[in-house]
Amino acid sequence: MDPARTSNGTNRPGRIIVVSNRIPKGDVPAGGLVFAIHEALSGGGGLWIGAADPTEQALDGLTPIGSGIYDRATFAITEEEHHGFYLGYANSVLWPLFHHRPDLLDIQDGDFEAYAAVNRRVARAIAHIAEPDDVIWIQDYHFLMVAQELRYLGVKNPTGLFLHIPFPNPTDVMALPQVAALSSWIAAHDVFGLQTMRDVASADETLRHDPKAEQLPNGCWRRENRTFRLLSFPIGIDAKGFSDTAESAPTPELQLAPKAPLLIGVDRLDYSKGLVHRFEAFGDYLSRRKSGSVRPTFLQIAPVSREDVTAYQDIREELECASGSINGAHSDLDWTPIRYVRRSFERNVIAGLYRRADAALVTPLADGMNLVAKEFVAAQDPEDPGVLILSHFAGAAEQMSAAILVNPFDRHRFADSIERAIEMPLDERRDRHAVLRKTVFEQDIAWWTNSFLTCLRGVPRGYSDPD
Ligand code: G6P
């Protein structure tokens, strides 16, 4: 057979089947993982599978919810499963553990069983519709067991997972009750993609502790007759599209004093984002600010998230307390230094705010990548760009070392960096921005999609599983 031809008898590669927990039921919301998948599938089409709204009863199979450049379908999930799978195992076990917060683990009986049941249902649905040339691309920590279930069902299609969040370090991972199974879940994929080299190193380390896993001289791993790869694919954004949106966005009505610098932060209200540390560093900067000098405003947009999980209720209270106390100490009759806004905004409003801002504070304590850092850079006017202050602990720091890198735990040095950003001369701002912009434009969402899918499609048939 002509090697360029596929087994469906055409030169057309098979469909991409993408699975993610969140799937837009209507318009695609701006930013984040969902927007990235939308961008990825808009290039070449495919099928996107995600969770339906929870109901009383969950039957097997998929329900189509939309078609266009790509098709969308949902799998069913019960209220009880939503509790154990999403609120429980995914967001009270895997999320804190993978964000280096084992102290926030909330391990409850039955949650893992719900997670496994949902993963099995998703695998059955895929097995039912997958055609020989399709590739299966699983997204994130909600579905770590789907590939293994697919293999049990005899599905041999190239199957990859991209983990959008960090990988836990080898000591923390011991706190996962299912730690003994983790490497078999990973080994069921052909390609297990991570955001950074740092994450690949942690995942390699975890596999090294598994006596059944062996790393081959070419860097691939082998476990029980399966060969698989662990690689980093730093996710990007639609840089050109975002830059155009920012350029044409209306100037936001902020009612700031003339020449007052604007600092901005945009994050889901999550304990991993380091919002309290950020507020405190800004408070530290305000305490040292000489009277009569510029009066900056820090606008933090932080829509609430996962409100049914206790750790999220706690961080919300902490943040409200911090912003109230810092504003109480530093506000004046005509100046409130922190504007803390919990609502969300349209994409073009956010883009306009980024372009208007003099600096962005992207300072998580742990983060897979952080696309706000990339969007902020894309939104700037290259002639008069704002400054990116970026945490060492954001995956983006691996590609974006031309930002001002900060340790969010070191409040005083962090405050120094805020001052430095506010005072940075135009030449330095332009130089740093040019370097950052190049990376953000070159390694964009299309580059990410192509890199992952080329790798996944390059998996030779029979390469993974000799049976
Ligand atoms: C992170 C995760 C995504 C998740 C998103 C929003 O970016 O990596 O998988 O969809 O947060 O969280 P939510 O729980 O609202 O889906």
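A salt bridge is taken here as a side-chain nitrogen of Lys or Arg lying within 4 Å of a carboxyl oxygen of Asp or Glu. By that criterion the structure, which is a predicted model, holds 34 salt bridges.

| Salt bridge | N to O distance |
|---|---|
| Arg226 and Asp190 | 3.3 Å |
| Asp367 and Lys273 | 3.1 Å |
| Glu442 and Lys438 | 3.1 Å |

**Pairs that join separate parts of the chain**

The side chains of Arg226 and Asp190 meet in a salt bridge. Arg226 belongs to strand S10 (residues 226-232), whereas Asp190 sits in the loop between helix H5 (179-187) and strand S7 (191-194), so this pair ties together parts of the chain that are 36 residues apart in sequence. Because a residue counts as buried when its relative accessible area is under 20%, Arg226, with a value of 9%, is buried, and Asp190, with a value of 1%, is buried as well.

Asp367 and Lys273 likewise meet through their side chains in a salt bridge. Here Asp367 is found in the loop between strand S14 (359-362) and helix H11 (371-379), while Lys273 is found in the loop between strand S11 (262-266) and helix H8 (275-288), so the pair ties together parts that are 94 residues apart in sequence. Both Asp367 and Lys273 are buried.

Glu442 forms a salt bridge with Lys438. These two residues are four apart in helix H13 (residues 426-442), so about one helical turn separates Glu442 from Lys438. Glu442 has a relative accessible area of 49% and is partly exposed. Elsewhere, salt bridges that share partners join Glu280, Asp284, Arg288, Arg411, Arg413 and Asp416 into one network.

**The packing of H7 and H10**

How do the axes of helix H7 and helix H10 cross? The axes of H7 (residues 239-248) and H10 (residues 347-356) come within 8 Å and cross at roughly 80 degrees. Since angles of 65 to 115 degrees count as roughly perpendicular, H7 and H10 are therefore roughly perpendicular to each other. On the H7 side the contact is made by Phe242, Thr245, Ala246 and Glu247, and on the H10 side by Arg347, Asn348, Ala351, Tyr354 and Arg355. Sorted by class, the contact of H7 with H10 comprises four nonpolar, two polar and three charged residues.

Conventions
Residues are numbered from 1 along each chain as its sequence is written. This is a predicted model: local features need pLDDT of at least 70, side-chain atom pairs count only at pLDDT 80 or more; totals for chains, interfaces and linings use all residues. Side-chain values use heavy atoms; hydrogens and water are left out. Buried means under 20% relative accessible area, exposed over 50%, partly exposed in between (1.4 Å probe, protein chains only). Axes are lines fitted to C-alpha atoms, for helices over the stretch in contact, and angles run from 0 to 180 degrees between N-to-C directions. Angles under 35 degrees count as roughly parallel, over 145 as roughly antiparallel, 65 to 115 as roughly perpendicular and the rest as oblique. Contact means heavy atoms within 4.5 Å. Ala, Val, Leu, Ile, Met, Phe, Trp, Tyr, Cys and Pro count as nonpolar, Asp, Glu, Lys and Arg as charged, and the others, Gly among them, as polar.
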